[in-house]
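Morning, everyone. I have one structure for you today. Take a look, then we go through the ligand site and a few backbone details.

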Amino acid sequence: MRNEDVAAVFYEIADILELQGIAFKPQAYRRAASAIEQLDVEIASAVASGTHREIPGVGEAIAKKIEELVRTGSLDYLERLRAETPPGLLEIMSVPDIGPKTAMILVHDLGVSSLGELKEAALAGKVKKLKGFGERTEERILSGIKTLESKGRRAFLGEALPVARAYVEYLMGRIRLDLIDVCGSLRRGKETIGDMDILVGWDNAPAVTDAFTQYERVDEVIVSGATKTSVRLAGGFQADLRIVERSSYGAALQYFTGSKEHNVLIRKMGIEKGLKVNEYGVFERDSNRKLAGDTEDGVYEALGLPWIPPELREDAGEIDAALRGALPTLLEPSDVKGDLHVHSEWSDGADSIDDIVSAAAAKGHKFVAITDHTQSLSIANGLSPEKVLAQIEAVRKAEERSEGGVRAFAGSEVDILADGSLDLPPSVLRELDVVIASVHSRLKMEPKEMTARLVAAIESGEIDIVGHPTGRIIGRRDPASIDLEKVFESARENGVMMEINAFPDRLDLRDAHCRMAKDNGVMMTIGTDAHSLRHLDYLEFGIITARRGWLEKSDVLNTLDPAKVEKKLRGRRA
Ligand code: DGT
Ligand code: CA
Ligand code: CA
Ligand code: ZN
């Protein structure tokens, strides 16, 4: 069981207890769940060493439940609670914006017992007729259901990538493979992944298939043939294996990387040149002579194209750019020198500033920015102006004490209040090395209002970066309605940057918005929004998102040396 799975169990318990009208207990379970989510160590190893009892919010009763979960993978108590709950209620509560009270009313007064029935009722206009409901609520419920449906069973890139890497590592440990790649949407770095596609070039297909199906995380073999196998992994994720001859490996790699839309264009180009392009190679149509196929480079070359990075293969103008010799030189992981958005235990993070600075050094970062929440975000233990000033001193001291030579920037993730004003006075903001300004409340404003709110923050002259600018949570919360063109224009004029928040369920700005910001002359920053040390690894997902947004090294502040980063930040406020 992963930490997230254990946390999910406790969140569900809290939801059910709340439905039953039980006081206090729900909060206790939520507190424990949140602490477990933020744990740096695997919950199973914490149980093994007995340290799970030291997790904040974990008392005797919850500790026992954690043990049962880790030992058996399930929890009797939850099963009993589920049995006591009217059918459909929990499913209905999974709709964004529907809390326990609303769900109860829908189930009782409308008699619906599943998401499907609720959708039907809403489409028939029955929801808006309920007491206390209206047109807007009904619309919100329908859009919430749509969000849920579109999420389906797709995984976040940040969940799927480690799973795929572990699978490949296992396969390479079993058989000596030199031609093996993860293809499909994972190779393109898409924000959500339907299934993972693994390609192997080898002569002994049965051996590869055996190794693939014998992986310990395989729950079910869905189909298995000579060259094509599909399995379902524990947790529900599907993996497809393709085995091809070594001589067509490059063509297969190109084909199975997709996207389908990109491949359609590639094939069309081939036809215009009298060529046939498929997963086996590039062939002359008349003679069937094979022109390319063993390398992916060769496939593109046979079509008169340079190799196109997988992240760009979305039919978004990449082929035109390739023909014009105008492909971007994409940002590389090695270009990125530090992290500009990290929370410490001063607000809602799990770790001390010292530990964050050491962890950043261990990762090879040259700088890290400590950016905690501010006072109005009380659920996240936001800092008062006095505390912010005290924290600046603490960051300076931590930097002095640290041995890795990491520059620690004293920053803040200051709240943008509903009227566009900032949650800290200018006198305090000016003491900070870096100011991220973010919206955390009232995300459902009208587009005009929300745009004005962001523009006001940008024009204050007191901020460096807009944090997670659209506020979306993938699959759970739509982006706020914002006129992004206007926001970017204002950002360019005021020298304010836009964040690429790298947290797996945010990726905000997303790929297409990065490209739009760049086209508007706006510079970007990457921040993990880490709330615990293991989240520092999320930087990679921000880099992938930047690449999918066609960003180059010069578009991203994190590629500069600490002194230059500082100069850029200081320069603005001077
Ligand atoms: P996903 O799994 O939904 O996140 O997205 P993909 O892109 O990984 O799609 P998937 O797994 O269905 O197929 C992997 C790749 O194989 C896809 O990106 C392109 C190629 N492919 C699969 N089916 C077709 C097809 O019918 N036509 C073309 N041109 N390519 C296909
Ligand atoms: Ca796929
Ligand atoms: Ca697939
Ligand atoms: Zn935030």
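A residue counts as near a molecule if one of its heavy atoms lies within 4 Å of it. On that basis, 16 residues surround ligand 1, and the closest are Arg154, Ser185, Arg188, Gly194 and Asp195.

Some ground rules. This is a predicted model: local features need pLDDT of at least 70, side-chain atom pairs count only at pLDDT 80 or more, and totals for chains, interfaces and linings use all residues. Residues are numbered from 1 along each chain as its sequence is written, and side-chain values use heavy atoms, with hydrogens and water left out.

Now the polar contacts, meaning pairs of N or O atoms within 3.5 Å. An oxygen of ligand 1 is 2.7 Å from a polar backbone atom of glycine 194. Two side chains also come in. For arginine 154, the distance from an N or O atom to a ligand oxygen is 2.8 Å. For aspartate 195, it is 2.9 Å.

How much of ligand 1 does the protein cover? The answer is 73% of the 590 Å² of accessible area that the ligand has on its own. That area is Shrake-Rupley, with a 1.4 Å probe.

Which elements give two or more residues to the shell? Helix H11 (184-188), helix H13 (249-257) and helix H14 (260-272). Helices here are DSSP runs, H or I, of at least four residues; strands are E runs of at least two.

By type, the shell has three nonpolar, seven polar and six charged residues. Domain 2 (155-244) and domain 3 (249-323) each supply at least three shell residues. Those bounds come from an automatic or database assignment.

On to the backbone. Most peptide bonds are trans, and most residues other than glycine have a negative phi. Here are some exceptions. Glycine 258 and serine 259 are joined by a cis bond, omega about -5°. Serine 259 lies in the loop between H13 and H14. Aspartate 508 to leucine 509 is also cis, with omega near 0°. Finally, histidine 468 has a positive phi of about 20°.

Conventions:
Chains lettered and ligands numbered in written order. Polar contact = N/O pair within 3.5 Å; in protein donor to acceptor, adjacent residues only side chain to side chain. Nonpolar A, V, L, I, M, F, W, Y, C, P; charged D, E, K, R; others polar.
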